[in-house]
Amino acid sequence: MKKCLLFLAVGVFTMLFNSCESEESDFKKVDSEISDKTYGYYDSEYFLVANRGSSTVTVFDAKTTDFVKEITLPDEGAQPTYLAHSKKNNTVYVGDFSNKKVIYYDADSFELKGEIEIEEGAFHMWLNDYANQLWVNNIVSKTTSVIDLNSNTVLQNLPLPTNEIPELTDNAVQHDVTISPSGYAAYVTVLDGSDKSYVVMYNTQTLAYIKHEVVGGDAHILPVGRKLYVPTQNANKLTVLNRFNLNQQAEIPFSSTHGITNSRRFVFTTGIADNKIGVLDRYRNKVISEITTDYDIPHNLAVNRRGKVLFLSHSGGTATKVIFYKVKRNGTLKKLSEYDSGSNPFGVLHY
């Protein structure tokens, strides 16, 4: 009898161990893209900024912060807004607001490789190599272009989800976008007036609407582990959602919160109207430090692979500055240097 009980106990333990091991394996798979970006080993590492008013993209060394190269977009009057990088394709993608296209370049040589026709007003974009897709919000056409990275063609231009969210008004427009680390789901923020935004979740395989959640006005979005951080500038807070079901987990006060990025323990956000950068401890969902910027309109952020250097663009019609900060182990920031990048430095990228 004792032998039978011992055998049964061992069997149950083995089953539980295998179950936990399987769950851990699934979690690692889901978060593998973040792990690749954070802990991978590369010979070169870059920060890029799209200079919307100069039709250029400036490239910096993300380890040393040195200037590397300036890329001029091929079309006259081009307005580069946001950027994305495919590790699998070794390619950088640049949205051109005024010319209804995405231009793409070799990620090492920065040589022009081609272009993809989309709809008008290319704005926030996000790429995922597991989904093999690039999503671009076109804020003039009010569509989201879903691009297949194998063929570099548009799979579909998604309209506003008016059937699924009938309360959307004529002011509604797609704004920010991200894709889950596993590539299963995409999330688009839809702005609708100054006080209300929607986080809309889509299946990347079928491009079907899954569900949505209401948040504050002027919402942006970032996936971090199992969470979605949603800065809502007009509500002066970051809303933290569960990435799998969009259930709200926390609210973190921070005035005029706008741009957002992360590295390991920390989440960084800009207070765009207050000339601030805030640093959050993502395990406690708490602001642990902040700094006042030297220039107006701190907009978009990126952080290098080791989490030691933060890169910031200051936007606006006459703006030119990008700033590098040292990230200390306790989460405080210290300015390292600044650079005149071009007119209206806008979206930023790290890879």
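Biologist: Which residues gather in a patch of positive charge on the surface?
Modeller: That patch brings together Arg-264, Arg-306, Lys-308, Lys-326, Lys-328, Arg-329 and Lys-334. Keep in mind that this is a predicted model.

Biologist: Take Lys-326, then. What's its place in the chain?
Modeller: Lys-326 is in strand S26, which covers residues 321–327.

Biologist: OK, let me zoom out. How many helices and strands does the protein chain have?
Modeller: There are two helices and 28 strands in the protein chain.

Biologist: How much of the chain is buried?
Modeller: Of the 351 residues, 55% are buried. The accessible surface comes to about 15,700 Å², and carbon and sulfur atoms account for 50% of that surface.

Biologist: What about contacts between residues at least 6 apart in sequence: what share join residues at least 24 apart?
Modeller: For those contacts in the protein chain, the share is 43%.

Biologist: Where does Asn-90 lie?
Modeller: Asn-90 is in the loop that runs between strand S4 (80–86) and strand S5 (91–96).

Biologist: What about Asn-152, what's its phi?
Modeller: Asn-152 also isn't a glycine, and its phi is positive, about 55°. Asn-152 is in the loop between strand S10 (143–148) and strand S11 (153–159).

Biologist: Why does Asn-90 count as partly exposed, and why does Asn-152 count as buried?
Modeller: Asn-90 is partly exposed because its relative accessibility is 24%. Asn-152 is buried because its relative accessible area is 17%, and buried means under 20%.

Biologist: Last one, Thr-232. Buried or exposed?
Modeller: Thr-232 is buried, with a relative accessible area of 0%. Thr-232 lies in strand S17, residues 227–232.

Biologist: Which residues does Thr-232 touch, leaving out those up to four places away in sequence?
Modeller: Thr-232 touches Val-215, Gly-216, Gly-217, Asp-218 and Ala-219, along with Lys-237 and Thr-257.

Key: Residues are numbered from 1 along each chain as its sequence is written. This is a predicted model: local features need pLDDT of at least 70, side-chain atom pairs count only at pLDDT 80 or more; totals for chains, interfaces and linings use all residues. Side-chain values use heavy atoms; hydrogens and water are left out. Patches are made of residues with over 30% relative accessible area and no salt bridge: like charges are joined within 9 Å, nonpolar side chains (Val, Leu, Ile, Met, Phe, Trp, Tyr) within 5 Å. Accessible areas come from the Shrake-Rupley method with a 1.4 Å probe; for residues, only the protein chains shown count as cover. A salt bridge is a side-chain nitrogen of Lys or Arg within 4 Å of a carboxyl oxygen of Asp or Glu. Lys and Arg count as positive and Asp and Glu as negative; His and the chain ends are not counted. The place of a charge is taken as NZ of Lys, CZ of Arg, CG of Asp or CD of Glu. Helices (H or I, at least four residues) and strands (E, at least two) are DSSP runs, numbered from the N terminus. Buried means under 20% relative accessible area, exposed over 50%, partly exposed in between (1.4 Å probe, protein chains only). Contact means heavy atoms within 4.5 Å.
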